[in-house]
Amino acid sequence: METLTALHTRRSIRNYTDQAVPEQAILTLLEAAMIAPSAGNAQPWQYIIVDDPTVLRQVPVINPYAGMAPNAPVSIVVCGDLNAEKYKGFWVQDCSAAIQNMLLAATALGLGTVWTGIYPVEERVLAFQRLLQLPESIIPLALIVIGHPAASSERKSRFDATKVHHNCWGKPRSFGTCRA
Ligand SMILES: Cc1cc2nc3c(=O)[nH]c(=O)nc-3n(C[C@H](O)[C@H](O)[C@H](O)COP(=O)(O)O)c2cc1C
């Protein structure tokens, strides 16, 4: 799949079939995540693959907006590794770049994903650290739910020219005839 097609067709998918996610696909997603850019190339991330139904059932108890997790075959918790950081505080951006790579790779493989937020909600961070037995220096940022989509989703543009400024705040940038 073309990069731009993957980018424009990715949607948050919250309903899945019973089909398992192959081991090779999980590896592809993790390779995509770990090739992401990071400040100082520190790669301050750790990934917890969760496919134990007992653990997945606990997810909505911690995050009520992640009620779909037990219905998907696998989730990956993306964590910042504070001990691996070169530039303090950049781990959130590094891990977010890794997550987006993972979501786009999943789209290219025909998989459906949804990014469910953990950090910076303190009680969620603590609860996931407890659930997954994470050391204190490993901060769960997000849980990515992964499965085969139960339905197709539509492609739509969110381009908004009012959010684009030219050289200074408030000065619009015309794209002329570039856009229909
Ligand atoms: C930081 C972050 C946290 C999110 N947390 C949740 C969540 O807890 N539950 C959920 O269903 N979706 C969550 N989402 C997905 C957004 O709701 C979704 O990306 C947004 O509505 C746009 O829809 P789309 O992904 O289909 O383009 C999160 C997305 C981001 C980037």
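Guide: A residue is near a molecule if its C-beta atom, placed from the backbone, lies within 6 Å of it. This is a predicted model: local features need pLDDT of at least 70, side-chain atom pairs count only at pLDDT 80 or more, and totals for chains, interfaces and linings use all residues. Residues are numbered from 1 along each chain as its sequence is written.

Visitor: Which residues surround the ligand?

Guide: Around the ligand you will find Arg11, Ser12 and Arg14, then Asn63, Tyr65 and Ala66, and finally Val114, Trp115, Thr116 and Gly117. By class, this shell has four nonpolar, four polar and two charged residues. Here Ala, Val, Leu, Ile, Met, Phe, Trp, Tyr, Cys and Pro count as nonpolar, Asp, Glu, Lys and Arg as charged, and the others, Gly among them, as polar.

Visitor: How many helices and strands does the chain have?

Guide: Look for DSSP runs, numbered from the N terminus: helices are H or I with at least four residues, strands are E with at least two. The chain has six helices and four strands, and from the N terminus on the elements run α-α-β-α-α-β-α-β-α-β. Along the principal axes, the C-alpha atoms fill a box of roughly 55 × 40 × 30 Å.

Visitor: What order do the strands take in the sheet?

Guide: Strands of a sheet pair through backbone hydrogen bonds, either parallel or antiparallel. Two strands pair if DSSP finds at least two bridges between them. This open sheet of four strands has the order E1-E2-E4-E3, with antiparallel pairing. Strand E1 (45–50) and strand E3 (112–117) stand at the edges with a single partner strand each, so one side of each is left without a neighbour in the sheet.

Visitor: How many bridges link E4 to E2 and to E3?

Guide: E4 and strand E2 (residues 74–81) pair over eight bridges, while E3 and E4 pair over six bridges.

Visitor: Is E4 mostly covered or left open?

Guide: Count C-beta atoms, placed from the backbone, within 10 Å of a residue's own: 20 or more others make it buried, 12 or fewer exposed, and in between partly exposed. In E4, 10 of its 10 residues are buried.

Visitor: Which residues touch the most other members of the largest nonpolar core?

Guide: A nonpolar core is a set of buried Ala, Val, Leu, Ile, Met, Phe, Trp, Tyr and Cys residues joined through C-beta atoms within 7 Å. Among its 39 residues, Val78, Met102, Leu143, Ile144 and Ile146 touch the most other members. Helix H2 (23–34), E1, helix H4 (59–62), E2, helix H5 (91–108) and E4 each supply at least two residues of this core.

Visitor: What is Val78 in contact with?

Guide: Contact needs C-beta atoms, placed from the backbone, within 7 Å. Leaving aside neighbours within four places in sequence, the contacts of Val78 include Trp45, Tyr47, Cys95, Ile99 and Ile144.

Visitor: Why does Ser153 count as exposed?

Guide: Ser153 has 12 other C-beta atoms within 10 Å, so this residue is exposed. Ser153 is found in the segment after strand E4 (138–147). Not counting residues up to four places away in sequence, Ser153 touches Arg11 and Ile13.

Terms used:
Two residues are in contact if their C-beta atoms, placed from the backbone, lie within 7 Å.
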